[in-house]
Amino acid sequence: MQIVRSHVLICGGTGCTSSNSPKVIEEFKVQLNLNKIQDEVKIVQTGCHGLCAEGPIVVIYPEGSMYTMVKVEDVKEIVDEHLIKGRIVKRLLAGDKDVQDFTKSLDNVEFFKKQHRIALRNCGVINPENIDEYIAYDGYKALGTVLTTMKPHDVIDTLKISGLRGRGGGGFPTGLKWEFAAKQKANQKYVCCNADEGDPGAFMDRSVLEGDPHSVIEAMAIAGYAIGSNQGFIYVRAEYPIAVKRLNIAIKQAEEYGMLGKNIFGTDFDFNLEIRLGAGAFVCGEETALMTSIEGFRGEPRPRPPFPAVKGLWQKPTILNNVETYANIPVIFLKGADWFAGIGTEKSKGTKVFAVGGKINNTGLVEVPMGTTLREIVYDIGGGIPGGKKFKAAQTGGPSGGCIPVSELDIPIDYDNLIKIGSMMGSGGLIVMDEDNCMVDIAKFFLEFTVDESCGKCPPCRIGTKRMLEILERITGGKGEESDIEKLELLAKNIKAAALCGLGQTAPNPVLSTLKYFRDEYDAHVKDKRCPAGVCKSMMHFIISAERCKTCGICAKNCPVDCIAGEKGVPYVIDQEKCIKCGVCMEKCPFKAIFKNA
Amino acid sequence: MEKVNITIDTRKIQVPADYTVLEAAKFANIAIPTLCFLKDINEIGACRMCVVEIQGARSLQAACVYPVSEGLVIWTQSPAVREARKITLELILSNHDKKCLTCVRSRNCELQKLAEDLNIQSTMFEGERRKFELDNFSPSVIRDQNKCVLCRRCVSMCKKVQTVAVIDTMDRGFKTVVSPAFNRSLMDVPCTMCGQCITVCPTGALREKDETDKVWEALTNKDLHVVVQTAPAVRVALGEEFGMPIGTRVTSNMIASLRRLGFEKVFDTDTAADLTIMEEGTELLDRIKNGGKLPLITSCSPGWIKFCEHYFPEFIDNLSTCKSPHEMMGTILKTYYAEKMGIDPKKIFVVSIMPCTAKKFESKRPELSFAGNVDVDVVLTTRELARMIREAGIDFAYLPERYYDNPFGEATGAGVIFGATGGVMEAALRTVAEILEGKSIDEIEYKQVRGVEGIKEATVTAGGIEIKAAVAHGLGNARKLLEKIKKGKAEYHFVEIMGCPGGCVNGGGQPIQPSSVRSWIDVREERAKAIYEEDKDLPIRKSHENPAIKMLYKDYFDKPGSHKAHELLHTHYVKRENYPCVKEK
């Protein structure tokens, strides 16, 4: 085994790859070779660290120095200073640069302090394309223990005791789901992994697949043993090329190591795994639509019952769990169900990964124990809101979820509390909104997504969400009538009740929760024809103050539609009919003479 | 079947454990509205009209797919259920053209009926409505997506039952449409024109190409000699268009109506069916005796023929070269009859009343003409005839007794049963067996080929020759049977295939029964019963005993399979491309 003095961990997740980390890796190789230290320092391409906004991220061990936003030009300096001279490059260091002990900068980063990484434990730590590294971190030990020392029902009991609930949306107890499938008598059963992550902004599943694919494979094999299945499918969207590539590598390696295939760990348990690529329809994240898609048909939900555990893929008993759920499972068997059940709240155990985005300083992935408050996530981990603006709301659960207002900032986040306040966990998207966001506009945004992603099978979703969107377009367009809000409520209620699948049943949630907490904003749009946040263009106009106007004409010169007229000595005036409300004039006016009248 | 106890609207009942909530409600005489549901064909819970409240369930559930279980408590009329149904229906209506007054399905539209039943008096949620151009390029089926409610009954029929699958859902969300691939016209895809999609459409989104105008025009043209013929299956279904029970025989009313409409002569396609038996029977015996291509497969059903040409071209040589009966009739009307009556064939206008939409396509096949005259000028479906009768103000139920005209009004029971699956086979066996035996046979009912089972088989021995026969109806069954033959898993001498499930009685041009009827009553069986009653009542029940046929051979064709018969009564087929390149519209 090769002994090296330093490890350079460079993030190869999608975020960092987009910000050029592959080039950074290349440059490190070049610089190490130039300095002839390529045998002393090992470069590892890892999965995601979570702090995607600061990528590309480079972590150097043994010091634990975390460098952020590393450019190709910075590499020479890191190699010369850090790796050769042992002097840390302070200017690239993450977190508080004034701390004394910057050698352990990773631990000083606020972003990580309150996190508890279980599902993401190996992300950013190991090379996902090397099964040995996974094994070195106790990988496949859980599978070995399960296969050689436990009966299938013990496996299910352990999961039940752990209290693990599905991380994909509904939060159904995983052990119970497995038990239903295990009880079915059938000549064939299937284990499916839902990696069709579709919530806009959520990417924890992608990160796990990119950073730690073996943990999912291991968990699926455990599931196969528990329910009596020898065939698994991972349904992953084709838009995740890195995840697909690493999964393929991982499956191949697992097969070579005998962790998949025949007689795993010398037992008579066989398990095979195949990947199915999805074309990216949101609805294919719904379990019955996902199965229909795997079967080769148009991805559309089918009615339940029968539930997948009874009649799933090709009418055979099937369990479906999402990536994050699986990623938790090997650890539960390593550290014990009681350990896991000791984390979190009474009914929501363990941790949850959130993809934090929107109006927040540290966008990225965070994994926190269930019961962490929204305030902790937004302010302590997320670093607060840019520009010191005021928090207005946070949307959890993506287009199926709802808005959490400032009054609920201190509520401990878990499955049941989120439902109680009109939102849901969903897959863990968390979008922060500040005072500049119009909540009617936000509701419209989410509904646009659902309308676009509706599969079209049932009329409540196909036509109902479209009609809701039309009403919201009327309201934000300044043409809302008071009856429109009643219609919205009526439609929302009945779409929730009558739609065929979860997508349709939850589609009205953003509207319902904004109506619940921000009714005054709706009223302002409808009754006063005013958008309090100044977002809805139809209801705002720009005015040039005649007193302040110095008649310089810069506004007119910059107006893209030539709707500002005036001349030297005569204050300029905006033709409101022609104005497209782009705001360029206000931005360009050197005398702050132009105002937005919302 | 094991039974379970359930409570439905406070009533405690016991139902078989494999029932759905909808079936249980039907059993308890509780009406639940449906739209996409069509028993055994389309059970997908899509339209949400049948939602009910199930105690303990989070949301409303579709009764058509929700299985009953012990102790289930169901509410079919709770305020939440009523409101959800109404709003869903209003939403559907908001994306529908609502042109009931000019819709061919008015008064027979399931959507219209739902709106009436649920007391919809206005629609609250108007908004963007999808607008489409009419697809009227097919000679048989018109597609009007402005009326489509996306119930997918047509898709299931085309895909699951007929295994033709030329239409499916495309796009998604509000943009979802039911359409052939690449938004092509039905004309440019391998559609068999069977029209089964029309018979399951709850609205007017699918309908036959109406050609009544052409017939009205011909009837007013004094230069033309306009004659009409009616297929056997029409007489047992037309009454439904006038409110009569399914399976009512209205032969006389139909003939009387046709006379009132002004046709010079009303002939019976059954006579031509007898002629077909003579030709086809001869062809069969010839192939058996002289080592011809076997099995011989019947060619009466133009939907089946087009299916064969598209999907099983390797069986084209197995097809009987006989024209279908109404085409034979058309030919002899414009040759033999024209000569006999001294009428210029160009002035004879032949109208066929058929239970079939594919016959419209068939009549336009270029090879089905003689001496520059098309065999049949216009094919009307049973439904179109009903429209003409209504338009003419004829009181259908109260008409004097009338009979077909001679010489082609003399039909046998063999000709009549052509209208039901197994009928062509039975008719052929009645004649072939006698020819082989060389004597009259009394036992003429071949019941093993009757009924709605998908594929039926029979072995008949006559004159020392064993004839193995098979009958398939519905193109899905045809596919199954042909695959079996292809793989060498079955050998037959004679195969009857009808394109529509149940045969012509259930053809794509027949009166449309709503899901609420056809889901619980087998319309095919009811109509077939009437066909076999008609057969029983007829004095002559074997084709070769038909005096008109005897006269035709004596006067004109000499003998079955003669040169002249081949020239006039036989045809050929072509292999068809499935998705030929067409210019994008």
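## Exercises on a predicted model

Let's start with one pair of residues: Gly357(A) has Ile431(A) as its bridge partner in β13(A).

**Exercise 1.** Work out which way strands β9 and β11 of chain A run relative to β13(A).

*Solution.* Take β9 of chain A, residues 351-358, to begin with. Four bridges tie this strand to β13(A), and the two run parallel. Now look at β11 of chain A, residues 391-396. Here there are five bridges to β13(A), and this pair is antiparallel. If you'd like a spot to check by eye, find Ala394(A), which sits opposite Val432(A) in β13(A).

**Exercise 2.** Switch to chain B and find out how compact it is for its length.

*Solution.* First, get to know the chain: it holds 19 helices and 19 strands. Its radius of gyration is 25 Å, close to the 25 Å the globule rule gives for 585 residues, so chain B is as compact as a globular protein of that length. For the overall dimensions, its C-alpha trace spans about 75 × 55 × 55 Å along the principal axes. Finally, check the inside: 54% of the 585 residues of chain B count as buried.

Key:
Residues numbered from 1 in each chain as written. Chains lettered and ligands numbered in written order. Predicted model: local features only at pLDDT ≥ 70, side-chain atom pairs only at ≥ 80, totals over all residues. Rg over C-alpha atoms; globule rule 2.2 N^0.38 Å. Buried ≥ 20, exposed ≤ 12 C-beta atoms within 10 Å, placed from the backbone. Pairing = 2+ DSSP bridges.
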